[in-house]
Amino acid sequence: MSRPFRFGVNLLTPAPAAEWRTKCRRAEELGYDVILVPDHLGMPAPFPALVAAAEATERPRLGTFVLNAGFWNPALLAREVATTDALTGGRLELGLGTGYVAAEHEAAGLPYGSPRERVDHLRRTVEELERLLGSGDHEPRPAQSRVPVLIGANGDRMLRLTAGHADIAAFTGARPGNTPGTLDPLSPEELDERVARYRALAADRAEPAELNLLIQFVAITDDPEAALKPLVERLPQFTVEQALALPIVLAGTLEDVVAKVRAQRERFGFSYLTVLEPFMEAFAPVMERLREESA
């Protein structure tokens, strides 16, 4: 039995208070289930932005997508998580990742470390959050008995950590590129292999995790080849046809995109999709159509 769809939007652009509230209310009006904020320098600070989003909205859940664990001390992060969950009325979903932009760590005066060191730090962070927030003695207290945890993963060690600790397994659909701070998309076959690896690692879970995919491009159009031309220019290793088949790309008529979203849920198990802020409006008809079909 397939999980019902959930949809999130990752808000990337800082804004004054009134504009931020308007943007969050628009996401709610469009039907997004989750309003998300990333953790990059030059973008909104996650926790105050989510508290402001809660004050402007009533229905959506609120999440980080995803926190850069290297920016955070676990004890201080536990305080932020508990306070934010309390101030948002128990609507928080905590997304965590290792971070992949070395320049941001350098700018912040923080060590970046090797891939192994970054995964080790994330593991310690996850385990310490579970210990602190699971203790009845921790102050402040979150509103939820357990704040749902999302982990963004691709490599084997990250997938193992996700299988053991995450309520939501988020697949980036990409790997770090040759240029620092960039990501190269995974083909459908490569993503098949990563999801299969995760499922093998998670086979003993009592409750299956929700599977998430971050969508990087959305265009509802009768001419997807033209819409994808700028993307292919940035990714010369892909033809237009190959780019159109990428799991993180949704381009085509409304009917074609809806069909692809449903097919990817059947193939990979992705029932929770996140889109980036620039595509918030473009993706709205897809959500509406999928909900009409499920009604």
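Trainee: Let's start with the second largest pocket. How does its lining split into nonpolar, polar and charged residues?

Mentor: The lining there has seven nonpolar, three polar and five charged residues. Keep in mind that this is a predicted model.

Trainee: Okay, and what volume does the second largest pocket have?

Mentor: About 310 Å³. It is lined by 15 residues, and R3, R199, P208, A209 and L211 are the closest to its centre.

Trainee: Which helices supply at least two residues each to that lining?

Mentor: Two to look at: α7, which covers 188-201, and α10, which covers 254-268.

Trainee: Now the largest pocket. What's its volume?

Mentor: Roughly speaking, about 1300 Å³. There are 47 lining residues, and the ones closest to the centre are Y100, T172, A174, L183 and Q216.

Trainee: And how many of the lining residues are nonpolar, polar or charged in that one?

Mentor: For the largest pocket you get 27 nonpolar, 14 polar and six charged residues.

Trainee: Which residues line the largest cavity?

Mentor: L36, T64, F65, E93, L94, G95, L150, I168 and Y272. By class, that lining comes to six nonpolar, two polar and one charged.

Trainee: Which element gives the largest share of that lining?

Mentor: Strand β5, residues 92-97, with three residues.

Trainee: You listed F65 there. Where is the cis peptide bond that involves F65?

Mentor: The cis bond joins F65 and V66, with omega about -15 degrees. V66 sits in the loop between β3 (61-64) and β4 (67-68).

Trainee: Then there's P140. Which residue is joined to P140 by a cis peptide bond?

Mentor: E139, and omega is about 0 degrees in that case. P140 belongs to the loop between α5 and β6, the latter being 149-153.

Trainee: Since α5 came up, at what angle do α5 and α6 pack?

Mentor: Helix α5 (residues 115-133) and helix α6 (residues 156-165) pack at about 10 degrees, and their axes are 10 Å apart. Angles under 35 degrees count as roughly parallel, so α5 and α6 are roughly parallel to each other.

Trainee: Which residues meet in that contact?

Mentor: From α5 you have R116, V119, D120, L122, R123, V126, E127 and E130, and they meet R157, M158, L161 and H165 of α6. The contact of α5 with α6 divides into five nonpolar, one polar and six charged residues.

Trainee: Zooming out, how many helices and strands does the chain have?

Mentor: The chain has 11 helices and 13 strands.

Trainee: What about the overall dimensions? What box do the C-alpha atoms fill?

Mentor: Along the principal axes, the C-alpha atoms fill a box of roughly 55 × 40 × 40 Å.

Trainee: And how does the radius of gyration sit against a compact globule?

Mentor: It agrees, because a compact globule with 295 residues would have a radius of gyration near 19 Å, and the chain has 19 Å.

Methods
Residues numbered from 1 in each chain as written. Predicted model: local features only at pLDDT ≥ 70, side-chain atom pairs only at ≥ 80, totals over all residues. Heavy atoms only, no water. 1 Å grid on protein atoms, 1.4 Å probe; cavity = no way out; pocket = protein on both sides within 12 Å on 5 of 7 lines; lining within 4 Å. Points joined across faces, edges and corners; volume = space filled by probe spheres on them. Nonpolar A, V, L, I, M, F, W, Y, C, P; charged D, E, K, R; others polar. Helix = DSSP H or I, 4+ residues; strand = E, 2+ residues; numbered from the N terminus. Axes fitted to C-alpha atoms, helices over the stretch in contact; angles between N-to-C directions. Parallel < 35°, antiparallel > 145°, perpendicular 65-115°, else oblique. Contact = heavy atoms within 4.5 Å. Rg over C-alpha atoms; globule rule 2.2 N^0.38 Å.
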